[in-house]
Amino acid sequence: MHSFDLFPTKMWMGKLDLDISLVLDELVEWTENGGAVIHDNKSMSAKGDDFHCDALNKAIKENIPSTEGMDIPETYIHYWANFNPPGAFNHRHHHTDTVILLSGVYYLNVPPDSGRIIFHDPRGTAISSLADARYNGTETTISINPQSGMIVYFPSWLEHEVEKNESDHERVSIAFNIYSKYEWDRYRAQQEYIEGKFS
């Protein structure tokens, strides 16, 4: 897994040791049995978060980037299937939630010209006025040209979008959030306390 600094944060990009065709076959079978997928994030006409693939789950967990001096906590993974046909794109958004450890995307089928993923510095163009930024150089956006088999991990608060699919074929990816079990359990305990106190 290759890590790189982006704006005020860090991201990770690499390839999973996983048979893409295995995941695609399971995904196609799931859709043929009524599974719904996301075509874009504007209409949200369908939500593909009932799909589950043990091999994918294992591969994502085994490749969670580590930070020096910190252990990776026990985690849950929530993912959803994106089938983006020609002309589809995803508006700028983030996945922010207090219990998300990391977000990411795994690419299954990426036709040429089917759209880059673009990340935005949350500080915006104001960063270019700072002396240290002028000294080091600034980029307020960074674009990644995805490839089949590529996985990208990033902080959930980092805004991102996906360009319009200019190809004649569908782009297929799995987006995901990795939840810290500790944070999730703590959140649920707080919710139960509040519900018990005020119901």
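I take contact to mean heavy atoms within 4.5 Å. I also note at the outset that the model is a predicted one.

**Entry 1. Helix α1**

I began with the packing of α1, and I found its buried residues set against α2, β3, β5 and β10. I then looked up which residues of α1 these are, and they are Val23, Leu27 and Trp30. Their directions from the axis cover an arc of only 60°, which puts them on the same side of α1. I set beside this the general rule that an α-helix has 3.6 residues a turn, so residues three or four places apart point the same way. On the face of α1 turned away from the buried side, I recorded the exposed residues Asp25 and Glu32.

I next checked the length of α1. Its 13 residues, at 1.5 Å a residue, should span 18 Å, and the end C-alpha atoms are 18 Å apart, which agrees. Just after α1, I noted that Gly34 has a positive phi of about 100°.

**Entry 2. The nonpolar cores**

Which residues have the most contacts inside the largest nonpolar core? I recorded Leu16, Leu27, Leu56, Ile60 and Tyr153, in a core of 26 residues. At least two residues of this core come from each of α1 (20-32), α2 (54-62), β3 (75-84), β5 (100-109), β8 (150-154) and β10 (171-180). Apart from this core I found another, of 12 residues, including Val105, Ile117, Met150 and Phe154. As a general remark, nonpolar side chains in soluble globular proteins tend to be buried together.

I returned to Leu27 to list what it touches. Leaving out residues up to four places away in sequence, Leu27 touches Phe51, Ala81, Phe83, Leu108, Val172 and Ile174.

Which way do β6 and β7 run, parallel or antiparallel? I found them antiparallel, with 4 bridges joining β6 to β7 (residues 141-144). Strand β9 (residues 159-162) is likewise joined to β6 by 4 bridges, and these two strands run antiparallel.

**Entry 3. Aromatic pairs**

I counted the aromatic pairs, and the structure holds 4. The ring centres of Phe119 and Phe154 are 5.0 Å apart and their planes stand at 65°, so this pair is edge-to-face. It links distant parts of the chain, with Phe119 in strand β6 and Phe154 in strand β8, 35 residues apart. I found both Phe119 and Phe154 buried.

For Tyr153 and Phe176, I noted ring centres 5.6 Å apart and planes at 70°, so this pair is also edge-to-face. Tyr153 lies in strand β8 and Phe176 in strand β10, 23 residues apart, and the pair links distant parts of the chain. Tyr153 and Phe176 are both buried. I also recorded a cluster in which ring pairs link Trp30, Phe51 and Tyr79.

**Entry 4. His91**

Last, I looked up His91, which I located in strand β4 (residues 90-93).

Notes. Residues numbered from 1 in each chain as written. Predicted model: local features only at pLDDT ≥ 70, side-chain atom pairs only at ≥ 80, totals over all residues. Heavy atoms only, no water. Core = buried A, V, L, I, M, F, W, Y, C linked by side-chain atoms within 4.5 Å. Buried < 20%, exposed > 50% of the residue type's maximum accessible area, 1.4 Å probe, protein only. Pairing = 2+ DSSP bridges. Expected span 1.5 Å × (residues − 1). Arc of directions from axis to C-beta. Phe/Tyr/Trp six-rings, centres within 6.5 Å; stacked < 30°, edge-to-face > 60°.
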